[in-house]
Each structure stands twice: as C-alpha cells, then as structure tokens.
Amino acid sequence: MAPTPPARDVAIVAFAQSDHRRRTDELSEVELLMPVLHQVLDATGLKTSDIGFTCSGSSDYLAGRAFSFTMALDGVGAWPPISESHVEMDGAWALYEAWVKILTGEADTALVYGYGKSSPGEVRDVLTRQLDPYYVAPLWPDSVALAALQAQSLIDAGDTDEAALAAVAARSRDSATANPHAQVRGSRPQGDYLVRPLRTGDCPPVGDGAAAVILAAGDRARDLCARPAWIRGMDHRIEAHSLGVRDLTDSPSARMAAERAGAFERPVDTAELHAPFSAQEVVLRKALRLGDDVTVNPSGGVLAANPVMAAGLIRLGEAAARIHRGESDRALAHATSGPCLQQNLVAVLEGES
Amino acid sequence: MTSSAAPEVLRAPLVVEFPFTRSLGPVQSAFLTGLRERTVLGVRTGDGRVLVPPVEYDPVTAEEIRELVEVAPTGTVTTWAWNPTPRRDQPLGRPFAWVLVRLDGADTALLHVLDAPGPEAVRTGMRVRIRWAGERTGAITDIACFEPGEAEEDHQPGPHSGRFEDLVTGIVAPARLDYTYSPGRAQSAYISGLSARKTVGERCPSCQKVYVPPRGACPTCGLATQERVEVGPAGTVTTYCIVNIKAKNLDIEVPYVYAHIALDGAGLALHGRIGGIPYDQVRMGLRVEPVWSEGGRYPDHYRPTGEPDADYDTYKELI
C-alpha cells in the first residue's frame, strides 16, 4: 500500500540535548531537563505560552517512582494551563503524537521532550519489566542478554561476525568525537564479553540525559527556522512480543514503518539509527535498505550516548539538525523500543533547497 | 537568607518491590499447570503451526486459538548467548547460556537457560532436554533449566485436552528493583536544612514566589529557582480537614486535623498535622509553629503559637 502524504507540512524547527553523562546525582529530573527546554525555546524565540501542544516521553521504572513525569512538567511552566500529554515511551513516540496533533489542525506548534536517568537503578534489570510477565520476565533476561541472542542469530546466519561488530562500535565512537554531547567518544577497547557474543564495546553506555524538539506547521515553521526539517512521512510498527516467534535477524516492522513513511521512494543521504547494540545496526541497515553511500549515525548514535527514553528522540533531532545546517537534504530517522528491535518508528525528513 | 554553598548531594537506597498477582487465561493456565505436571503444551494455529510457549491469539492473524498439543521435553537450540556473570533472580547462580529452544513438535522457540560447563560446550543446533525443578508450582521456573542431552523416557507428542487436576489459574510474580535515589540539588538543600530544623525554600527569579519544598523549578514560569530562602518557622493554617479513620501503622488517635500551612515567607502552603489543640477548635487563620520530636527528620506536627489569628487577606492567595 502506498503511503498517504501528510495532510499538512510539519517540520522539526529546533533541537536541543543535554551533555549525556554516566551520573547526574546533583540534578533532579526537572533540573536535568530544564536547560534543554530553555535552549530549544530560545532557538525559536517561542515562550511556553506560544506552544500549542506539549508532549513528553519518560519511564517511571527508570525513576523508581510513580507519575515521575508530573514533576518534570514543572520545567515547562504549566500556568496558565497548557495542552499536554505524556507517553511512557521514548520521546520519539511523543514526537509522533505531537505530529498527529498538528496534522489534525488542533495545534500549529508543539514542544516535545524526552528524558531519563538510568544512573539510580540497574537499567539492565529495569528493562526486564517490559517483558511478557508470564513466560519471560520471571527469568529476568536482561537487555544485554536478549541483544546477545539476536547477535548470535546474525552470526549463525552469516550476516556478521565479531570483527564486523567491533567495526560498527569503533566507527560510532569515532563519529562521536565531533559530538560534544556524547558520553563515550573516540577509540576504546572492545572489552570483555558482557554476554557472549557481545563485548562491552558492542553495548551502549549507561547514562542520564534529556532532549527536546519543537515542531511547527507550514509558514510558522519557515518563520521559526531558516531551513526547517520537513517531516515527509512517519510511521511506527510493532512485532509479536515473543522472541521465539520472530526472526531476530530481520526487522519487518522497521521495514514496514520505513515503507509507510516513504523512505524507499527516493534515496536518503543520512540515517540516524536507534541501535543500542552494534548487531542491531546490521539488522537495520538490511531492513531499511541503507547502502554504503548513506552516512549512518554521524552523531555517534546510541553506542556513544544512550539516555533511555530520550535516545530515540535524539535520532530525530540529530537528523533534523543536519538538515538545519545544510549537511543533509533527505534523512531517515529511526527509533526503537522493546527487546531486539520489537517496535520501530521511522521518519523521513527533508530540507528545501 | 541566601546561601551559595551547594550542600552535599544526598543519596539513599530506594527499593521498589511488588508481588504482581496475575490471572491466567485458558491456554496459559493449561501450559503452566502442565509444567507443574512435567508436561509441555503448545497451541496450534489456524495454519497448523505449533507455538511453544502457547498464546491465546495467533500472533499473525489475531485469531483466537485453543487447540492444545503436547510437545517433547527435548529440543534444539536455535540460538544462544553465554552469560558469564549471572544477575540476581536469574535462573542459575553460576555462568550459563541463555537459549532459545525449539522443542520437538514445536515450530517456535522458548526462551530459557542452559546449564553447561562453558561456552565451548554450547552451539546452535545442539540437542537439549528440560531439567525439571524439584518443587513445581505452575510457573515458567518449573523448568529449572535445560541441559545437554535427550529425553530419558519416550515422549509421544500429540493432542492434549489441557485438563489437569487442580488447574493453576494465576501466578504471583515478585519483582524487586533496587535504586540509589538522589533528590537533586534543590531537594538536597531542603532536606539538609531540615536536619538543622530550618525550612528552606527557593525563590523564583521571575514571579518571586518562594517554593517549599523546592524542586528546582517554578512550575508557573518554567524557570530554574536558585535563591534559597529560609521560611517560617511559624505559619498560618490556610485550610484543613478532620481525619476520622485510623491509618494502619500510624500511632495517632483519631479524630485529628490535617492542614495546609503557609509558613511565613513561603509562596505556597505545605501540609502537616495540627496538635496541641482540640480538633474541633482548629480554624482557618490559626497561627501555628512546628514541633520536632527527638531525632525527627521533619516536624512531627504543628501547634498553636498563641498569637491572634491571621487576617484572611494575608493568606487568601495561598489557599
């Protein structure tokens, strides 16, 4: 089925992110988030009262507290009352909700943010709580273990090997040297096996961080940004939760989301992929049909900084920022959620020449 | 009072623990009861595939599926990952392999663990069998783990009614996550202040409101609050309620009064219990002060100061 073009032109007009760090004990979540919100608002000259819709993504399980996002709302300035929503997911899905809100004509601008502090808990254990609670979660398979099963499937299928995975990790962290926000930059040893076949270097750093973008429709976007990153299409898809019924070497949901977002209509020059583990880039490159001529993760990607619940939104933001700077004309941005790329979101962003 | 020295960031262990109690549908109930009886069941989809572990709806067509099939306790590893450092609550306390196992008679794979001496003893395609837990309750952990090898007795896969004596209809899945909680800069300053029996708020640079307890942001202006301001100790009751139900583990006689109290200098009211006065004599405007118990980390309650009541106009904005 051919994708339906969006009913309105909507663009990412500003992007900001924190410096991602291993720990931010001195900052509460709102203290972590607020500078990023101010930065993205300042970039457009908008005030909170000018924003039509606000949407955020975060997780109570990371914070260890119920309704933690309500505290973060203090950083937005919710008086006089604002139109606001929250997803218990990565901020990329908050961006999707905001995009839909603008497409309906209910708003012309939106502020989207995502944030997460992984440092207070053990993120490998925390993420087990998103698994099937009957058959899987009682075994406590941590996020690295599940990614390692996927990596071994790829190795068994001949799609990659440990040397190729190390090259993905090295390229990502080399690229991150140009990214002042990244947590892990430059060359570092691949390290020991965390869960074989994945070594430390194949896994994302654990850290804290936040990100925010502003969306705007039509001429409003042109007013706010010299070169808006127009969202030509966006879609997200999910696969069965049971790992044993899926082909872990493929990502049909990413492919379908890309198709529905219009990614295959013309080549892209840049791809920001949300691949927390090196082997997942192998899966995504194949599913998204990315050739060697596409610049993949020039930011360093998630292997260089992985603030959970913001990392996917950052992919959209980084892709948009390259368009803002004139470094890309057509970029693919991808976000994922769940074990072994269970859910995938793809957006196609374009700059006008 | 304005203080610039940042207090030490506070940290404390925070444990989130909950015994999730979940009911089971007919297929999950049969599967988990089967494990208790050392019988592994799958479910057949409309196109004839057998899913193990079984689900109630076809993951492709979403069609309801109920046809149970018994599969063998032996199978083939479809992929694996060696875990050198087991984490708390994982099935084995020594290094093991995570495995996806396609049991004989099944078309899909089950996630579990394999007890093996080392990674060199594991490979995709190897034959494994279930090692049953000694005590079984009707849970996925009734499979203690897999081990290399074939079945000890002959198992014939085939149709199964799903009927067992004493069906398991629910599971209790305990979950515990450990955190080290840090409240951040603003709340650390507030808590540190309390240890000296001072109540410290923060002033918004824009609207000048003083927030107590401070959270580092003015929710009205969306700005960071930095300037620390000591408020109180006395304050005014802005509104209150009378509590008539005794809370479990709370050693306070009912009825008692719970009130919003605007400490002098604060831009909003915090809440606390009122003592030292009969409950039916508490009123809006009553002037109160904190009472600290020995070693208390925050005021135990507030009692009347004996001053005349505050004029309504002085606190009406804070109700």
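The axes of H4 (residues 91-103) and H11 (residues 311-324) of chain A come within 5 Å and cross at roughly 60°. Axes here are lines fitted to C-alpha atoms over the stretch in contact, with angles from 0 to 180 degrees between N-to-C directions; helices are DSSP runs (H or I, at least four residues), and strands (E, at least two) likewise, numbered from the N terminus. Gly91(A), Ala92(A) and Leu95(A) meet Gly312(A), Leu313(A) and Leu316(A), where contact means heavy atoms within 4.5 Å.

This is a predicted model, with local features needing pLDDT of at least 70 and side-chain atom pairs pLDDT 80 or more, while totals for chains, interfaces and linings use all residues. Residues are numbered from 1 along each chain as written, chains are lettered from A and ligands numbered from 1 in written order, and side-chain values use heavy atoms, without hydrogens and water.

Now to the interface: 65 residues of chain B are in contact with 51 residues of chain A. By the rule, 5 salt bridges cross it (a side-chain nitrogen of Lys or Arg within 4 Å of a carboxyl oxygen of Asp or Glu). Arg87(B) and Asp125(A) form a salt bridge through their side chains, at 2.9 Å from N to O. Strand E11 (residues 170-181) of chain B gives the largest share of chain B's side, 10 residues.
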